[in-house]
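Subject: Structure for your review

Dear colleague,

Please find the structure below, together with its sequence. My notes on the charged side chains follow it.

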Amino acid sequence: MDNNMAERIEALGSKVEEKRQYIVVKLGNEQFGIDISLIENIVRMQRITRVPKAQKYYKGVINLRGDVVPVMSMRIRMGMEPDEYTNTTRIIIAKFENNAYVGFIVDEVMQIVNIDENTLEKPTFRNQRSIDNYLMGVAKDNDTLISVINMNMLVEEEEFQ
């Protein structure tokens, strides 16, 4: 095998490793991607126990196999209209680096897609009161645009003014 062929194979291998899997969820009419490596579980909507004086985007807590898990409305957190619960509403349970679990209410879980990190188009502007504060970028899946969410930013306590 010549050097040129070896370089092409190595380049192809590195491109494959750049792809990540994302679960595509629907919020309103928009589709968002969540890194699948963060997702611990996806559960049907269930009774949420309210917690007094919690931030407005936290709907309360649920009991998941003996663990108390805070549940956040992704819609409210990202400045969208309030949730409307349907048969397709789900709670995505994510596990973060500090082993903390957080549930995220989504309208619907659509599919799993592979997204090449190099094809993510980064937002070119930052609006302090916009959903763009939470985006890592926008990806194309066929004719559909998927906004990839930075989940760590979503759970940070700092409010955007």
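How many salt bridges does the structure hold? The structure, which is a predicted model, holds four salt bridges.

One of the salt bridges joins the side chains of Arg20 and Asp35, with an N to O distance of 3.5 Å. Arg20 belongs to strand β1 (residues 19–27) and Asp35 to strand β2 (residues 30–35), so this pair ties together parts that are 15 residues apart in sequence. Arg20 is partly exposed, at 36% relative accessible area, whereas Asp35 is buried, at 13%.

Another salt bridge is formed by Glu121 and Lys140, whose side chains meet at 3.9 Å, N to O. Glu121 is located in the loop between β8 (108–116) and β9 (135–141), while Lys140 is in strand β9 itself, so the pair ties together parts that are 19 residues apart in sequence. Glu121 is partly exposed, with a relative accessible area of 48%, and Lys140 is exposed, at 62%.

Arg75 is buried, with 6% relative accessibility, and Glu81 is partly exposed, with 42%.

Yours sincerely,
A colleague

How values were computed: Residues numbered from 1 in each chain as written. Predicted model: local features only at pLDDT ≥ 70, side-chain atom pairs only at ≥ 80, totals over all residues. Heavy atoms only, no water. Helix = DSSP H or I, 4+ residues; strand = E, 2+ residues; numbered from the N terminus. Buried < 20%, exposed > 50% of the residue type's maximum accessible area, 1.4 Å probe, protein only.
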